[in-house]
Amino acid sequence: MGNFFSCIGGSETPDLVPEIHTPTSSVISSRNTFNKGYSDSSSSGFSGVSFGENFSCGDASPGGELLEKPNLRIFSFAEMKSATKNFKSETLLGEGGFGRVYKGWIDEKASSVSSKSGIKIAVAIKKLNSESVQGFEEWQSEVNFLGRLSHPNLVKLLGYCWEEQELLLVYEYLPKGSLENHLFRRNTNVEPLSWNRRMSIAVGVARGLAFLHSSDKQVIYRDFKASNILLDVNYDAKISDFGLAKLGPCGGNSHVTTRVMGTFGYAAPEYVATGHLYVNSDVYGFGVVLLEMLTGLRAVDMNRSKGQQNLVEWMKPSLANKRKLKEFMDPRLEGQYSLKAAYELAQLTLKCVRKDPKARPSMKEAVDVLQKAEAIKLNKGNRTPNNNHHHRSPYHSQHRGPRMSMEAYSLS
Ligand SMILES: Nc1ncnc2c1ncn2[C@@H]1O[C@H](COP(=O)(O)OP(=O)(O)OP(=O)(O)O)[C@@H](O)[C@H]1O
Ligand SMILES: [Mg+2]
């Protein structure tokens, strides 16, 4: 078997997924994303050389592994139908740009002998929407990246189904859903995420990103956002959705050039402006999510007044000032955190969202800062007093901003 990730211009393609040409070259993303018309530096998303051996990340991100081969089950479409009661609406978990996500039940083991034991496990099944033009590339990317990467803070891809027009992905089921749901959906009966949970989620996803970035052949995740962070039964965080992931720069280059894909409010400004994607473009997205966790406010909300719609631009001037920071903290966290810890995180956020990607910290450095902040214990002396939060609209009025065209996204 050749390198799983083929070389640029090489004849090798990942042997799991035969090469298929997508019907169009002018791909339009159907997710809440943008496409600025840059062409990819690779034809299939498998640019660069193999990952190489050195994929461990030391203390910043223990427990990671790069599998020699993807260890994935192949499911029939009939199995997918039976797992989800024929994609019954009551099994629907959510919907994104790729398609709908259903909860299903599959046999624990692949072999027919063990399936007779009747042990079933819960899974999340993502079914490609037939109108998604970008879908095949994203599906392929997910299978090839997530199928080989194993880390406690990455969602486990269990297998896939590819039958005629049907493309599906089967993941471990994460019962607490997405971070986005916990932070921003007001109509559920779920308790607000506590400070301690937010801290452990931040450390977890930072470790996941550090793992991706630390390999010989770095992986740039490219779509870091609250809806792509999923929570298991213990609220341990896992990064999902590798449809936009890219291998990092090679041959001494500092960046890769790609068609601009991502999500408004989370994507790094240099990438949106030029199509130049750096490993540290992910660090920007991480800073945005950290800010969402601190403030309880969305990265972009077109229902906020002008000047406040982009969270980073709105908050930047306040983050370096402890008094102002206190005003902007999520009121649901009151009394749970020390202002010292919040201030440390605000300073980390500011560094992560710096305009110059080279001036941003690495994810390994971010993990260190987060761990130190997590260790700051709350005591009487540093407890945060209650505040009046006059500056923000009531939470129930918050919802995801509408899709935006590139023109609507002004870079300052
Ligand atoms: N493994 C999983 N376990 C439990 N729920 C999941 C799982 N994967 C996805 N979901 C649910 O399905 C929803 C849709 O996920 P999906 O990744 O398709 O879309 P999205 O992240 O909202 O948008 P985008 O297409 O931009 O990534 C998630 O928000 C989550 O609630
Ligand atoms: Mg997603």
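**Entry 1**

I started at Gly 99, whose bridge partner in E5 is Leu 128. Strands here are DSSP runs (E, at least two residues) and helices are H or I runs of at least four, both numbered from the N terminus. This is a predicted model, where local features need pLDDT of at least 70, side-chain atom pairs count only at pLDDT 80 or more, and totals for chains, interfaces and linings use all residues. Residues are numbered from 1 along each chain as its sequence is written, and chains are lettered from A and ligands numbered from 1 in the order in which they are written.

Strand E4 covers residues 99-107 and pairs with E5 in the antiparallel sense over nine bridges. I count two strands as paired if DSSP finds at least two bridges between them. I also noted Ile 106 opposite Ile 121 in E5.

**Entry 2: the rest of the sheet**

Next I followed the strand order, which reads E2-E7-E8-E5-E4-E3. These six strands make an open sheet with mixed pairing. E2 (73-74) and E3 are the edge strands, each pairing on one side only.

H3 (residues 135-146) packs on the sheet and touches E5, E7 (157-163) and E8. Contact means C-beta atoms, placed from the backbone, within 7 Å. The direction of H3 makes about 35 degrees with that of E8.

E5 pairs with E8 (residues 166-172) too, antiparallel over five bridges. There I found Lys 127 opposite Leu 168 in E8. At the E3 end, three bridges join E3 to E4, again antiparallel. Glu 95 stands opposite Arg 100 in E4. E3 and E4 form a hairpin, with three residues between them.

**Entry 3: around ligand 1**

I then listed what surrounds ligand 1 and got 23 residues, the closest being Gly 94, Gly 96, Gly 97, Val 101 and Ala 124. Near means that the C-beta atom, placed from the backbone, lies within 6 Å.

Which strand gives the largest share of the shell? E3 does, with three residues. E3 (92-95) and E5 (120-128) each supply at least two.

By class, the shell has nine nonpolar, ten polar and four charged residues. Nonpolar is Ala, Val, Leu, Ile, Met, Phe, Trp, Tyr, Cys and Pro; charged is Asp, Glu, Lys and Arg; the others, Gly among them, are polar.

Domain 1 (65-172) and domain 2 (179-396) each give at least three shell residues. The domain bounds come from an automatic or database domain assignment.

**Entry 4: H5 against H7**

Last, I checked H5 (residues 195-214) and H7 (residues 281-295), whose axes come within 11 Å and cross at roughly 175 degrees. So H5 is roughly antiparallel to H7, a label used for angles over 145 degrees. Axes are lines fitted to C-alpha atoms, for helices over the stretch in contact, and angles run from 0 to 180 degrees between N-to-C directions.

Arg 198, Ala 202, Ala 206 and Leu 209 of H5 meet Asp 282, Phe 286, Leu 290 and Met 293 of H7. This contact has six nonpolar, no polar and two charged residues.

Technical notes
Angles under 35 degrees count as roughly parallel, over 145 as roughly antiparallel, 65 to 115 as roughly perpendicular and the rest as oblique. Two residues are in contact if their C-beta atoms, placed from the backbone, lie within 7 Å.
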